[in-house]
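Student: Could you take a close look at some loops in this model for me? I would like to hear about backbone angles and side-chain surroundings.

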Amino acid sequence: DCFNWGYDPFHFNAPEGSYATDPADGAARIREFRAMVMALHPLGLRVGMDVVYNHTFAAGQDERSVLDRIVPGYYHRLDADGRIERSTCCENTATEHRMMARLMVDSAELWVRHYRIDSFRFDLMGHQPRAAMEALQRRVGAAAGRHVQLIGEGWNFGEVADGARFVQASQLSLGGSGIGTFSDRARDALRGGGPGDSGADKVARQGYLNGLVYAPNELADPALGRAELLRSADLVRVGLAGTLRDYVLTTADGSARALHEIDYNGQPAGYSHAPGEVVNYVENHDNETLFDLNAFRLPRDTAAHDRARVQVLGMAFTAFSQGVAYFHAGIDTLRSKSIDRNSFDSGDWFNRLDWTYGDNHFGTGLPPASGNEPSWPWIAPRLADASIRPSPTDIAFARDALRDLLRIRASSSLFRLGEAAEVSRRLTFPNTGPAQNALVIAGHLEGRGLAGAGFEEILYLINVSPQAQVLDLPTERGKRYALHPVLLSAGTADTRPRDEAGFDPERGRFTVPPRTAVVYVLE
């Protein structure tokens, strides 16, 4: 069908026609887009816009080349032979050139001033100069009369990698700017492997969420041991601490290290200077959804309800992380794209969402060859396995569990600390080092003296194991902890914390049910 994500920019300042009742009527596009934003604001919703200034849909003398036909060779980034660079899979723009940067900045200001857009998410932001992004930040803030949040993909690759042409708006180059980048540190540790995996690696490279070492699947490497699980658990804690470069963590070997001293694929694991400079997530529009990736990596005999519980744990790690909590549409309804790795042009059939909550569309067709064909031998049998597909009850459980997690996050400013120093002061991880129970992540938040904290202390425990775990935390002995009020409420989605979790204050001993996130508070 004609649906795609719209990553083929033509006119940067024109509202997308699919939002209008009559896409051929430019005035209707403008009026109706404005009306949409005006209707959402009174509901207490802010409106963020996904923008793609890093490339255009066409170049040269193509009919839809709106820049090259004005000033040939200026608005696009060229290689040494004069060819347009295409590392973004389209014709890259040259935002290091003054007028291309001005076009981007002027365009963003237009969306803020005339449409009241509240925030922006930048596609492949690392292909743009930091200076241009900071200029944009100033302009949109002045136009709005308030701070306009900017987040983006700060990936470091292509012809601009490692600052080859300018100081990039990338993960390692944006520190101190206040602009947020998506973090792959905890994402990869939780999901396993990396976004470029294909074939057997889709199955074999398990992550902390889906069985690494503790619940190996049929292709898992038997040589992997406790050390790999400990390393993964440390990277998960990096994410929970906001990926802050100077936050000090007791690591798996017992040493205390700043997060920038921990290795992540040859880079510092910690890179942000403030919590607002990192975006935490476990799934996004790119690559498989978490449910689909877990169809590869969880052991094949994992029950459908347990698959839903693993999904909830992924959402819990995001909800409890310092920084921006980012939830992909449909993550709470176990969204499946029938294991499509890159559904940007796959149409509604693979991208649809069922808002009646009856189906997640798993197993509705073998995904297109593009990006998926090498993995078809592993995809097809899973799509045919009816035991993986969730029931409406499983979908409702995950949906309601996310709502509970959002209530917990909103209940205390401790989950949304604004400064790195406050994170270092108030967040600790009591279950770390070589002797830790590596299947349970424990985070303690100190609330005394903090406006909006709501509680003197918060302790969250996330057990990824299919078995209940017992955790002894000497620092918590003698405390009068109670379950968070959301978990005690009559309508709570997950009853395991209330029915099965336990705390012995004399020993500081906690019993955490299988695949469950538990939150205790001290009032």
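Predicted model: local features only at pLDDT ≥ 70, side-chain atom pairs only at ≥ 80, totals over all residues.

Tutor: Helices (H or I, at least four residues) and strands (E, at least two) are DSSP runs, numbered from the N terminus. Residues are numbered from 1 along each chain as its sequence is written, and side-chain values use heavy atoms, with hydrogens and water left out.

Most residues other than glycine have a negative phi. Thr243, however, has a positive phi near 55 degrees. Thr243 is also buried, at 0% relative accessibility (buried means under 20% relative accessible area, with a 1.4 Å probe and protein chains only). Arg116, likewise not a glycine, has a positive phi of about 60 degrees, and lies in the loop between helix H2 (98-115) and strand E4 (119-122).

Now to the loop between helix H5 (201-204) and H6, where Gln206 sits. Gln206 is buried, with a relative accessible area of 7%. Its side chain reaches the backbone oxygen of Asn210 at 2.8 Å and the backbone oxygen of Ala215 at 3.1 Å. Leaving aside neighbours within four places in sequence, Gln206 is in contact (heavy atoms within 4.5 Å) with residues including Arg191, Gly192, Leu212, Ala215, Pro216, Arg297 and Pro299.

Definitions and conventions:
Buried < 20%, exposed > 50% of the residue type's maximum accessible area, 1.4 Å probe, protein only. Polar contact = N/O pair within 3.5 Å; in protein donor to acceptor, adjacent residues only side chain to side chain.
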